[in-house]
Amino acid sequence: MAGNSSAIVTGLTAAALLAVGVLGHQAAANAPAAAHPDRADTARTTLRADRDKAFPATPPEGSGQGLRVVYDLGDDRVWLIGNGGEVRRTFPVSPSTVDPEPGTYHVTSRSKNITGSDGIPVEHGVRFANNDGTAIGFSAAVDGSAPHLDPKVLTGGIRETREDGEAMWRFATIGRKVVVVR
């Protein structure tokens, strides 16, 4: 009987280890991509998130004047700002694996329907920057999904919801100023 008990315990232990391994693999496969170094600063990120929760309609200080799109890398949030400084719309976005450098850009090209650099069909593509050969812009996945970021794959698609993508499309015409802040 002792031999049977040992075999059962061994079998159950092996099954438990296999289950833990499978669950660990699934968790790793579905975890967000590694944070950018500046996003790893928990204290700063928490402060920015607190500000955003309290005043999401307020664009970041130092984000310029006049008609513009503001993209905050630290908050992963966009503001569409009118001529008089009024916020026409603000919304969160899902970042790409390649960030644009902070600075002022202009919309250089747009595509109504295209395949994103991650292979997902997207709409309302609004491109404004390039970083090390990777085109960077805003877009919305046709299926409404958020990107599955693989830090080994360089992508420049900053994803919005379809509704926010439609608003960006109407607002960010060719030449529109895009201010990127950290």
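1. Helices (H or I, at least four residues) and strands (E, at least two) are taken here as DSSP runs, numbered from the N terminus. On that basis the chain holds 3 helices and 9 strands, and its elements follow the order α-α-β-β-β-β-β-β-β-β-α-β from the N terminus.

2. The model is a predicted one, in which local features need pLDDT of at least 70 and side-chain atom pairs count only at pLDDT 80 or more, whereas totals for chains, interfaces and linings use all residues. Residues are numbered from 1 along each chain as its sequence is written, and side-chain values use heavy atoms, with hydrogens and water left out.

3. For the chain as a whole, buried residues (under 20% relative accessible area, with exposed meaning over 50% and partly exposed lying in between, for a 1.4 Å probe and protein chains only) make up 37% of the 182 residues. The accessible surface, from the Shrake-Rupley method with a 1.4 Å probe and with only the protein chains shown counting as cover for residues, comes to about 10,000 Å², and 60% of this belongs to carbon and sulfur atoms. Among contacts (heavy atoms within 4.5 Å) with a separation of 6 or more, 55% are between residues 24 or more positions apart.

4. Strand 9, residues 177–181, deserves attention for its pairing, where two strands count as paired if DSSP finds at least two bridges between them. Strand 1 runs parallel to strand 9 and is joined to it by 4 bridges, with valine 70 having valine 179 as its bridge partner in strand 9. Strand 4 also pairs with strand 9, here in the antiparallel sense and over 4 bridges, and tyrosine 105 has valine 178 as its bridge partner. Strand 9 is mostly covered, with 4 of its 5 residues buried.

5. Valine 107 lies in the loop between strand 4 (103–106) and strand 5 (109–115), and this residue is buried, its relative accessible area being 3%. Leaving aside residues up to four places away in sequence, valine 107 touches Val126, Arg127, Phe128, Ala172, Thr173, Ile174, Gly175, Arg176 and Val178. The C-alpha atoms of valine 107 and threonine 173 are separated by 6.7 Å, although these residues stand 66 residues apart along the chain.

6. The structure holds 3 aromatic pairs, a pair being rings of Phe, Tyr or Trp (its six-membered ring) with centres within 6.5 Å, called stacked if the planes are under 30 degrees apart, edge-to-face if over 60 and tilted for the rest. Tyrosine 71 and phenylalanine 138 form an edge-to-face pair, at 5.7 Å centre to centre and with 80° between the planes. Because tyrosine 71 lies in strand 1 (residues 68–72) and phenylalanine 138 in strand 7 (residues 134–141), this pair ties together parts that are 67 residues apart in sequence; both tyrosine 71 and phenylalanine 138 are buried.

7. Tyrosine 105 and phenylalanine 128 also form an edge-to-face pair, with 5.7 Å centre to centre and 70° between the planes. That pair links distant parts of the chain, since tyrosine 105 is in strand 4 and phenylalanine 128 in strand 6 (residues 121–131), 23 residues apart. Phenylalanine 128 counts as buried because its relative accessibility is 3%. Ring pairs link Tyr71, Tyr105, Phe128 and Phe138 into a cluster.

8. Arginine 110 lies over the face of tryptophan 169, at 3.7 Å from the ring centre, while the charged end of arginine 176 sits over the ring of phenylalanine 171, at 4.9 Å from its centre.

Key:
A charge sits over a ring if NZ of Lys or CZ of Arg is within 6 Å of the ring centre and within 35 degrees of the ring normal.
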